Amino acid sequence: MRRRARCLHHLVALPLLAAGCRKQPPAAPVDEGCFGARCVEEAEAALYYGDPASAREPLAIVCDGGDAFACFRLAELHHYGRGGPVDVPRAAQLYEQSCTVDAGEGCERRAELARDGHGGPAVELDFALRACEAQRPLACTRAGEQLAVGRGVEGDPTRATTLYEKACRMGEVTGCFFFSDPATTEIYTPE
């Protein structure tokens with residue numbers, strides 16, 4: 001009988017012990033903001049689902065970390081007022097930041113903003129030349145046009161011809177047109 005009582009005691013105690021040894025559910029992770037790839041994922045998801053306002057902060061974090069593409073994407077949001085107000089000066093700054101870490105498209109967009117009155121002809125030429133060096137053929141053509149006619153900068157037809165030739169070699173038809181006749185100042189547009 002004593003043995004049975006002991007066995008019975010163990011049978012009752014075993015489930016109680018097992019119940020007491022259950023692991024606690026893990027605590028929910030504390031969200032201290034995004035970092036690294038997680039920010040990129042958050043931003044891309046927000047943009048995919050049509051919520052550009054939620055993409056701004058993660059893009060800013062990644063941009064501040066030196067990611068040229070994140071700077072470019074954030075610049076577009078400010079430039080076109082997606083997810084917040086239009087802020088062209090901030091867009092220009094972000095395009096510049098994108099350009100300095102070797103993103104040719106950021107250089108090209110900064111040149112376009114300057115051409116549209118946000119920086120002037122010298123800034124336009126500077127960024128167009130940077131974009132051209134980063135293999136952006138349209139930027140080569142635009143820098144060539146600016147130098148050919150001396151729009152806001154000292155004219156340099158020889159350098160313009162070199163830029164047109166480079167654009168043409170990269171497949172920009174307008175560059176080929178100007179390269180064949182650098183004295184032409186009108187852009188040929190097929191109908």
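Colleague: Which helices each supply at least two residues of the lining of the largest cavity?

Modeller: Helix 6 (104–115), helix 7 (121–133) and helix 8 (137–149) each supply at least two, where helices are DSSP runs of H or I with at least four residues, numbered from the N terminus. This is a predicted model, in which local features need pLDDT of at least 70 and side-chain atom pairs count only at pLDDT 80 or more, whereas totals for chains, interfaces and linings use all residues. Residues are numbered from 1 along each chain as its sequence is written, and side-chain values use heavy atoms, with hydrogens and water left out.

Colleague: How many cavities of 30 Å³ or more does a search of the whole structure find?

Modeller: Rolling a probe the size of a water molecule over the atoms shows where empty space is left. Here the search finds one cavity of 30 Å³ or more, a cavity being a set of points on a 1 Å grid over the protein atoms alone where a 1.4 Å probe fits but cannot get out, with lining residues having an atom within 4 Å of a point. The largest cavity has a volume of about 50 Å³, a volume being the space filled by probe spheres set on grid points joined across faces, edges and corners.

Colleague: Which residues line the largest cavity?

Modeller: Its lining consists of Glu108, Ala111, Glu112, Arg115, Glu124, Ala128, Ala139, Arg142 and Ala143, and helix 6 gives the largest share, four residues. By class there are four nonpolar, no polar and five charged residues, with Ala, Val, Leu, Ile, Met, Phe, Trp, Tyr, Cys and Pro counted as nonpolar, Asp, Glu, Lys and Arg as charged, and the others, Gly among them, as polar.

Colleague: At roughly what angle do the axes of helix 6 and helix 7 cross?

Modeller: Axes are lines fitted to C-alpha atoms over the stretch in contact, with angles from 0 to 180 degrees between N-to-C directions. For helix 6 and helix 7 the axes come within 8 Å and cross at roughly 160°, so the two helices are roughly antiparallel, a label for angles over 145 degrees.

Colleague: What about helix 4 and helix 5?

Modeller: Helix 4 (residues 68–80) and helix 5 (residues 88–100) have axes that come within 8 Å and cross at roughly 165°, and this pair is therefore roughly antiparallel as well. The residues of their contact (heavy atoms within 4.5 Å) divide into ten nonpolar, four polar and two charged.

Definitions and conventions
Angles under 35 degrees count as roughly parallel, over 145 as roughly antiparallel, 65 to 115 as roughly perpendicular and the rest as oblique. On a 1 Å grid over the protein atoms alone, a cavity is a set of points where a 1.4 Å probe fits but cannot get out, and a pocket is an open set with protein on both sides within 12 Å along at least five of seven lines; lining residues have an atom within 4 Å of a point.
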